[in-house]
Amino acid sequence: MGKSVLLGALLVAGMAMGVSAAETLDEVKSRGALNCGVAQGGSSGTAVGVTGFAAPDANGIWQGFDVALCRAVAAAVLDDPMAVNFVPTDTETRFSALAAGRVDLLSRSTTWTFSRDVKLKFDFAGINYYDGQGFLVPKEMGVSSVKDLSGASICLETGTTNELTLSDYFRVNNMTYKAVPVENSADAQKKYLAGACDAYTSDASSLAATRATFRNASEHALLPEIISKEPLGPVVRHGDDEWGDLVRWTLYALIAAEEYGITSANIKEMAEGTDNPEINRILGTEGELGQLLGLDNAWAVRAIKVNGNYGEIFAKNIGEETPIGLARGLNAQWKDGGLLYAPPFR
C-alpha cells in the first residue's frame, strides 16, 4: 500500500538531491553500513515498526521479515549483517527518502504498480510477498463476508492504493460505505479499537500484524475475501542498475536456497561443494557470479547464513507458528503450488 502518484513533484526534487546512478554500492562500501528504509508503523516521529515485519526487539535490535532482507544485503556487501542503519519511514516519507539518497533500499510493505515503476521512476527488485487487500472486523459484528459490509464505516489510510481499491470494489458491487480516514496504521488501530469504524482495510499481512498486537486478538477476524493484488517487494532508485541487480539477486538467493534445501544449518557443509551445479553456482564453488555483482563468490553464502533461506525467514517472523499466523499461500514455492521461485543462477 502507499501514497498516490501525487508525490511525483516531490520525488523529482528529491532525485535532484539524491545519489547519482551507479554510485550506491560504492557509497555503501565507503560508509561501512547499509541505510535501509523500513516501515515506521507508528505516528510521525516514532520508530514503533510493524510486528513481525520490522520492529525493534526488547534490546532495541531490529527484527522481522523485511529486516531479514536488509541484513542479507549487508552481509553480502559488507560481510556484516549488523552493519545496517534502519530508517523508519511512513507512506508519505518512504519514496522521498529513497529518491534523496537517505536510504539505499526500501524493504517495507510497498506495492509494485505501474505508476511507481514508470512515472515515479523506482525499480522493484523482485517480489518478496504476494499480498492483497483484506478486511479486519470484530467477531461480535457477526460479519462473515465483505458483502455484508454495505453501509459500514471503514478505516483506511487516505491517499493509498487501498483507498482506490476499496472505492472500486464497493462501486462494482453496488455497495456503499463511509470512509473513516486515518493517518497511519497506529491511528487506524486506535480508531478501530475505539469503535470509530466497523472495519479496517489494508494489506492482509498488515492486518494480521496489527491484530497480533491486540490484547483480545481472538475476538477479531480477517474476512476471507482478498479484493486486490498487492505484490510487495524491495525498492531501489531508478538508474543504478548494478545496485538493483545486487539487491534482486540477494533476494533470489534466499528464495532459491529454500528450493534447493540450503538452510542455515547445512550451508557451511554445502558451501564446500555438492553434486548439484546450480547449488554450486549459488554458493560460489563454481563459476564467477559474485564478481559480476562487484562482490566475491561467497556473497550468497553470507546472505543466507544470516537468517537462513526464505522459508526459514517466513516461518520465524510471520508464519503460522507466530502471533502473526500467516500461511504460506501464494508465497509458497512454485513446486508446492505457490508463485515463488527464483530465475536460474547461470
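**Ground rules.** I am working with a predicted model, in which local features need pLDDT of at least 70 and side-chain atom pairs count only at pLDDT 80 or more, while totals for chains, interfaces and linings use all residues. I count residues from 1 along each chain as its sequence is written, and side-chain values use heavy atoms, with hydrogens and water left out.

**The sheet.** I looked up the strand order and found five strands in an open sheet, β10-β9-β11-β8-β12, with mixed pairing; strands pair if DSSP finds at least two bridges between them, and the numbering from the N terminus covers DSSP runs, helices being H or I of at least four residues and strands E of at least two. Because β10 (177-182) and β12 (220-222) stand at the edges with a single partner strand each, one side of each is left without a neighbour in the sheet. Neighbouring strands are turned by 30 degrees against each other on average, direction ignored; for angles in general, axes are lines fitted to C-alpha atoms, for helices over the stretch in contact, and the values run from 0 to 180 degrees between N-to-C directions.

I then followed β8 (residues 133-138), which pairs with β11 (residues 199-203) in the antiparallel sense over four bridges, and noted that Leu136 has Tyr200 in β11 as its bridge partner. Helix α8 (residues 204-212) packs on this sheet and touches β8, β11 and β12, its direction making about 125 degrees with that of β11; contact means heavy atoms within 4.5 Å.

**Helix α3 and its partners.** I next checked α3 (residues 65-78) against α9 (residues 241-259), which pack at about 115 degrees with their axes 10 Å apart. On the α3 side I listed Leu69, Ala72, Val73, Ala76 and Val77, and on the α9 side Trp243, Leu246, Thr250, Leu251 and Leu254.

With α13 (residues 299-307), α3 packs at about 145 degrees, the axes 8 Å apart. Here Ala68, Arg71, Ala72, Ala75 and Ala76 of α3 meet Trp299, Arg302, Ala303, Val306 and Asn307 of α13.

**An aromatic pair.** My search of the whole structure gave 16 aromatic pairs, counted where ring centres of Phe, Tyr and Trp (its six-membered ring) lie within 6.5 Å, with planes under 30 degrees apart called stacked, over 60 edge-to-face and the rest tilted. Among them, Phe65 and Phe314 are edge-to-face, 6.1 Å centre to centre with 85 degrees between the planes. Phe65 lies in α3 and Phe314 in α14 (residues 310-317), so this pair ties together parts that are 249 residues apart in sequence.
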